[in-house]
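Here's a quick tour of one model, written for someone who likes the cut-offs spelled out. Have the viewer open as you read.

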Amino acid sequence: MKRILITGALGQIGSELTLRLREIYRADHVIATDIKKNDSEAAQNGPFETVDVTDLNKLMETAKKYKVDTVMHLAALLSATAEAKPVFAWNLNMGGLMNALETARELKAQFFTPSSIGVFGPSTPKNNTPQDTIMRPTTMYGVNKVAGELLADYYYHKFGVDSRGLRFPGLISHVTLPGGGTTDYAVEIYYEAVKN
């Protein structure tokens with residue numbers, strides 16, 4: 001049976017994905033990790049480890065401890081926060097991705113990380129956008145996602161890491177409040193309108 005390690009397990013995607021995978025594969029086979037623990041169901045109903053993805057040793061140690069065969073790397077600094085802190089965004093988003101890929105390579109684990117429609121930019125065709133097209137993003141988050149797709153592809157071709165990705169649009173969890181993404185702007189606008 002699969003043993004899955006999820007980074008960023010308490011975020012927008014991870015908070016719900018962790019619970020669903022625990023229903024499918026059993027709670028003890030899905031290891032949730034995040035930079036800090038909270039009282040959410042994802043942090044409480046199965047194995048949880050505090051892991052900073054920029055710390056390769058801790059990430060690798062955790063993956064080996066649970067003998068994982070799949071790494072789902074969801075930890076990232078989202079678009080709005082990445083624009084305000086571009087150096088931190090690069091270090092977290094790209095350094096964390098590199099560490100997660102190295103962990104998957106070392107353990108010969110399957111690997112998944114989400115990408116984003118943020119990879120596209122103003123020069124990308126707007127209709128019937130092909131898979132391989134112009135990707136000239138105008139945000140740090142978009143730049144990180146383009147580089148991340150290329151890095152995962154490199155790990156597949158160079159080391160045989162079974163790496164997969166999917167370009168998501170903006171996502172909003174019904175479990176976890178938005179935190180640092182473009183949806184924060186919409187929430188802020190809504191609350192300002194309600195307040196006035």
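## The second largest pocket

H6 is the top contributor to the lining of the second largest pocket, giving nine residues. Helices (H or I, at least four residues) and strands (E, at least two) are DSSP runs, numbered from the N terminus. Helix H5 (86–107), strand E5 (110–116), helix H6 (140–159) and strand E6 (163–168) each put at least two residues into that lining.

In total 29 residues line this pocket, with Ser115, Gly148, Glu149, Ala152 and Gly165 nearest its centre. They split into 13 nonpolar, ten polar and six charged; here Ala, Val, Leu, Ile, Met, Phe, Trp, Tyr, Cys and Pro count as nonpolar, Asp, Glu, Lys and Arg as charged, and the others, Gly among them, as polar. The volume is about 570 Å³, meaning the space filled by probe spheres set on grid points joined across faces, edges and corners. A pocket is an open set of points on a 1 Å grid over the protein atoms alone, where a 1.4 Å probe fits, with protein on both sides within 12 Å along at least five of seven lines; lining residues have an atom within 4 Å of a point.

## Ground rules

This is a predicted model, where local features need pLDDT of at least 70 and side-chain atom pairs pLDDT 80 or more, while totals for chains, interfaces and linings use all residues. Residues are numbered from 1 along each chain as its sequence is written, and side-chain values use heavy atoms, leaving out hydrogens and water.

Thr70 sits in strand E4 (residues 70–73). Thr70 counts as buried because its relative accessibility is 5%, with buried meaning under 20% relative accessible area, exposed over 50% and partly exposed in between (1.4 Å probe, protein chains only).

Lys67, in the loop between H3 and E4, has a positive phi near 55°. Lys108, in the loop between H5 and E5, also has a positive phi near 55°. Lys67 is exposed at 66% relative accessibility, and Lys108 is exposed at 74%.
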